[in-house]
Every structure is written in C-alpha cells, then in structure tokens.
Amino acid sequence: MSHALQFYIDGAWVDPAELKRLAVIDPSTEEPCGEIAIGSAEDVDKAVAAARRAFESFSLTSREERLALLRRLQTIYERRLDELGAVISREMGAPLPFAREWQAGIGLRHLKKAIETLETFRFEEPRGTTMVFKEPIGVVGMITPWNWPMNQIMAKVAPALATGCTMVLKPSEIAPLSAILFAEMMDEAGVPAGVFNLVNGDGPGVGEAISRHPGIDMVSFTGSTRAGILVAKGAADTIKRVHQELGGKSANILLPDVDLEAAVTKGVQGCFGNSGQSCNAPTRMFVPADRHDEAAEIAARAASAFKTGPADADGVHLGPVVSQMQYDKIQRLIETGIAEGASLVAGGLGRPDGMNRGYFVQPTVFAHVTPDMTIAREEIFGPVLSILSYESEEDAIRLANDTVYGLAAYIQSGDPARARRVASRMRAGSVYLDYPAWDPGAPFGGYKQSGNGREYADFGLEEFLEIKGVVGYGAA
Ligand SMILES: NC(=O)c1ccc[n+]([C@@H]2O[C@H](COP(=O)([O-])OP(=O)(O)OC[C@H]3O[C@@H](n4cnc5c(N)ncnc54)[C@H](O)[C@@H]3O)[C@@H](O)[C@H]2O)c1
C-alpha cells in the first residue's frame with residue numbers, strides 16, 4: 001500500500017508532521033501485515049484547516065453535484081470491492097468471503113442507500129410563513145472502530161457528503177488499511193480538495209485533538225463507551241455536537257411459544273458472527289426457566305458446530321478476534337464467568353484444539369447465568385454467549401432492560417402480535433423480530449449508554465444537518 005505512511009489532506013497524500021510508525025498486526029498469524037504513520041495534533045490542524053476552507057464551497061454545491069460525486073464513488077467502490085474485502089480480512093481477521101460480502105459489502109449498501117435518500121431528501125420545509133432550512137453542520141470529525149471498519153466509515157462519510165459537510169476521518173489504528181484504500185477511492189472519485197481528509201493515529205493523540213478542535217463543528221464517534229465519554233468531555237468546551245455510537249449487551253428473548261431448536265441455534269449464530277465482535281450482538285439469551293436445560297443443550301450443540309480458522313482459510317468458519325488485548329480481555333471474562341459460578345456448556349479458556357498461534361477464541365456458551373454476574377453485564381466482544389432464564393413475560397422484559405446499554409434487542413415468538421408487544425417495551429434503539437434480514441433503511445443507534453443519535457438512510461443524513469428557521473419568509 002503505497003500511501004500507508006502518509007495522510008490524505010487537502011486533496012493530496014502528504015507526509016506526517018513527524019513520522020511515527022505503528023505496525024498493523026494480522027490477527028490470524030500475530031505477524032505484522034502493514035504499517036501506518038501515527039499522526040499528531042499538528043496533522044489534525046492541517047486537515048481541519050483544509051476542511052474549513054473546502055466547506056465554503058462544498059456546502060453550496062447542488063444536490064445533483066453531490067449525487068454525481070457519490071455515484072462516481074459507488075462505481076469505484078464496486079470495482080475495488082474484492083481488494084477491500086481482502087484488506088479488511090487481513091487487518092481484522094474476518095474470513096475472506098464474509099469480509100468481501102459483508103465487511104466490505106455493507107459499505108456499498110450504505111452508499112447506495114445514501115444516494116437513494118439524497119435523491120428525494122427535503123432540505124427545505126415550509127411551516128406557515130416560516131421556512132425551515134436544513135443546512136450542513138460544517139466540518140465533521142469522524143472517529144471509527146476496527147470491528148466493522150467500512151460499515152462505520154461509510155455510515156458517516158456518505159451522509160456527510162450527501163449533506164455538503166466536509167470531514168476529517170480518524171479510523172481505528174488497529175484496522176486502518178481499509179481506510180487508506182477508501183481514501184484512494186475518494187481521490188479517484190474526484191472529491192474536491194479538503195472535503196475529505198484522513199489522518200491516522202491513536203485515541204489520545206489524533207482522536208483527542210479532533211474532539212477538542214475549535215475548527216470542528218461535530219464529532220461522529222463509534223467505539224467503546226469508555227472512549228465515547230472521553231470524546232464528549234473533550235468536545236464540551238467547544239459546544240460541538242457529539243454523535244455517539246457505543247457499546248452494547250443486547251438481550252435475545254425467546255418467548256415460550258417459540259421453536260426452541262431453531263431460535264436457540266440462530267441466536268448462537270447471531271452472537272458468534274464476526275467472532276462476536278459486533279456492538280449489537282445478541283449476547284444475553286433469555287429462555288423460559290422450565291426450558292433452560294433444553295436450550296443450553298441446543299446452544300452447546302450449535303456452538304460446537306462452529307469451526308475456527310485463519311481468515312484466509314477456505315470454508316465457512318470463525319476467524320480470530322482482532323488483537324492480543326481483545327483475546328486477553330475475553331479470556332479474563334471467561335475465567336470470571338467460571339469463577340462466579342456460571343455453567344460452561346461449550347468452549348472455555350485457551351485456543352481451540354490444534355491452534356497454537358493467532359488470537360483464536362473457542363466458541364463459548366455459559367448457562368445458568370444470573371443477572372448480577374459480570375458476563376451478564378459487561379460487553380465481552382468475543383464469541384461468548386450467556387444463557388439466562390426468566391419466569392414470565394414481565395420478568396423477561398425487566399431482565400432484558402436491566403443493563404446500562406440500550407443498543408439492540410431481539411425477540412423470538414411464533415406470535416407476531418406478542419413479539420410486537422414485547423418490542424414496544426424494550427429500551428433499545430433497534431429491535432429485531434424473528435431474526436429478520438439486515439435493513440439499511442432502519443435507524444441504527446442506542447438508548448442509554450449505547451449512545452445518542454441515529455445512523456443509516458435519512459436518519460443518518462439528519463445527524464449532519466443544522467436547522468435554520470427563517471421566520472417571515474413568505475406566505476404558505
Ligand atoms: N454502536 C455502534 O454503532 C458500534 C459499532 C461498532 C462498534 N461499537 C463499539 O466499539 C467498541 C469496539 O471498538 P474499539 O475497540 O475500536 O473501541 P475504542 O473505543 O477503543 O476505539 C474506537 C475509536 O476511538 C478512538 N479512541 C480511543 N480513545 C480515544 C480518545 N480518548 N479520544 C478520542 N478517540 C479515542 C480509537 O483510536 C478508535 O479510532 C465496542 O465497545 C463496540 O460495541 C459500537
């Protein structure tokens with residue numbers, strides 16, 4: 001990757017103010033697979049200055065001009081999709097077909113949705129004699145995680161472009177290579193100089209400089225609740241808008257009328273997808289108390305059907321988790337689950353049999369988990385499922401909501417009316433009924449400590465807009 005040690009600022013690849021290198025580690029092999037430059041506040045200053053200058057003209061572009069830009073990007077993105085999938089697979093460990101179809105592919109789905117949304121989006125709305133205008137907020141700082149790198153980047157960049165904002169992106173330093181490739185695509189698409197800027201770096205360096213910068217109007221952050229709090233505090237002095245997409249500990253309620261075999265199996269699969277590294281993973285499975293042991297047996301069987309292997313191995317399997325740090329954290333939490341008295345029914349400590357390198361975690365299921373246990377409360381971010389039991393529908397609702405998080409909830413029932421009734425009681429931004437297909441038009445975001453604001457489709461566009469009321473504009 002020829003630009004790996006550079007940043008994309010003001011329409012050109014430039015050297016960092018001071019070259020500090022960071023190796024990118026392939027989690028399947030624990031070997032370096034690339035390196036990047038780690039930026040500083042000085043690099044952020046340059047990027048923000050470029051974005052501020054570009055905002056003057058980009059904010060005034062027409063819908064048609066921005067649609068043309070997004071469509072050019074789509075063509076390039078489609079052409080480089082395989083390459084992007086391969087890069088993501090290497091940097092964060094997702095098996096190749098999954099990395100191409102979902103990790104890279106989901107970026108394309110967001111891009112298409114943003115284009116479709118922009119085609120008809122209303123930037124003006126008359127209310128009597130007042131005209132309401134929706135205008136781009138300005139320069140947006142974007143800070144993204146490693147677990148779905150292109151999903152997060154595209155869910156921010158596409159609506160920001162659609163609305164006429166300019167931006168400075170800092171992707172995760174753990175999986176930054178896909179973002180460099182994406183910046184190459186933006187350059188080829190002819191994004192005007194300064195509209196899109198990429199500065200690589202870590203949280204305390206570049207992330208904090210973005211959060212505090214007086215030239216940035218809004219920070220759109222996706223990552224842990226821990227870092228989200230720091231970003232909000234850093235942003236407070238400059239009153240910038242802070243959009244946070246944070247962690248989760250989502251409940252999956254299996255109501256008594258459900259087909260238990262199918263619902264438990266799909267629940268395990270949903271929890272372990274992307275090696276358990278999805279913010280909205282259904283990690284707490286609630287089953288009727290009198291069917292707990294049956295559910296545990298099905299879940300153990302479903303977990304042991306999973307194969308684990310390197311990201312480039314053939315076949316359907318789980319890849320490693322992203323880093324030594326994540327591996328160690330997951331091991332610690334599995335140990336805590338055992339120590340606090342949960343029943344380990346599948347997986348457990350250490351790597352899967354026969355694997356002696358790579359950050360591979362055994363697909364793990366705990367049964368007899370109680371709501372006070374650490375594994376029922378903390379986000380694990382690995383392939384680890386907790387099964388809890390409930391006595392009644394009310395009890396299930398109370399237990400599901402008994403968390404500081406509120407990103408997603410999952411309801412399984414043979415009775416759609418009952419599932420909808422329970423959905424209405426969930427304190428979560430997304431509720432999924434009977435394992436539906438992914439929907440790029442559904443709003444995505446959290447209640448409570450899972451964040452604020454919403455992404456995807458028109459909900460995403462709204463986040464990047466300021467609202468201006470011109471009173472006395474004219475007769476309705
Ligand atoms: N709600 C969502 O949409 C969503 C989506 C994906 C991931 N997540 C969450 O992200 C987390 C996993 O990702 P991660 O480990 O990369 O999270 P992380 O918080 O460690 O890092 C996320 C980003 O924040 C940056 N960062 C870290 N400290 C910072 C600071 N002090 N100031 C500014 N930026 C800082 C990092 O460099 C990275 O770019 C999980 O908690 C997961 O639930 C949430």
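These legends describe close-up views of a predicted model.

View 1. The ligand is surrounded by 30 residues, and the closest are Thr144, Glu173, Ser224, Leu246 and Glu379. By class, the shell around the ligand holds 13 nonpolar, 10 polar and seven charged residues. Domain 1 (7-246 + 450-470) and domain 2 (251-441) each give at least three residues to this shell. At least two shell residues come from each of α7 (203-212), β10 (218-222) and α8 (225-236). The largest share is that of α8, with four residues.

**View 2. Ser172 in the loop between β8 and α6.** Ser172 sits in the loop that runs between β8 (166-170) and α6 (177-189). Its relative accessibility is 4%, below the 20% cut-off, so Ser172 counts as buried. A polar atom of the Ser172 side chain is 3.0 Å from the backbone nitrogen of Ile174. Apart from neighbours within four places in sequence, the residues in contact with Ser172 are Thr144, Pro145 and Trp146. Thr144 is also among the residues closest to the ligand.

**View 3. Helix α7 and its cover.** Five residues of α7 are named in this view as buried: Val206, Gly207, Ala209, Ile210 and Ser211. The elements covering these buried residues include α1 (41-58), β7 (139-143), β8, β10 and α8. Of the elements in this view, α7, β10 and α8 also supply residues to the shell around the ligand. The N-terminal end of α7 is capped by Asp202, which has a side-chain oxygen 2.9 Å from the backbone nitrogen of Gly205. As a general point, residues three or four places apart in an α-helix point the same way, because the helix has 3.6 residues a turn.

**View 4. Ser450 in the loop between β18 and β19.** The loop between β18 (430-433) and β19 (451-452) contains Ser450. With a relative accessibility of 0%, Ser450 counts as buried. A polar atom of the Ser450 side chain lies 2.6 Å from the backbone oxygen of Gly247. Leaving out neighbours within four places in sequence, Ser450 is in contact with Gln244, Glu245, Leu246, Gly247 and Gly248, and also with Val404, Tyr405, Gly406 and Leu407.

**View 5. Ile298 in helix α10.** Ile298 belongs to helix α10 (residues 292-304). This residue is buried, because its relative accessible area is 3% and buried means under 20%. Ile298 and Val264 are 34 residues apart along the chain, and their C-alpha atoms are separated by 6.6 Å. Once neighbours within four places in sequence are set aside, Ile298 is in contact with Leu260, Glu261, Val264 and Thr265.

Methods:
Residues numbered from 1 in each chain as written. Predicted model: local features only at pLDDT ≥ 70, side-chain atom pairs only at ≥ 80, totals over all residues. Heavy atoms only, no water. Near = heavy atom within 4 Å. Nonpolar A, V, L, I, M, F, W, Y, C, P; charged D, E, K, R; others polar. Domains from an automatic or database assignment. Buried < 20%, exposed > 50% of the residue type's maximum accessible area, 1.4 Å probe, protein only. Polar contact = N/O pair within 3.5 Å; in protein donor to acceptor, adjacent residues only side chain to side chain. Contact = heavy atoms within 4.5 Å.
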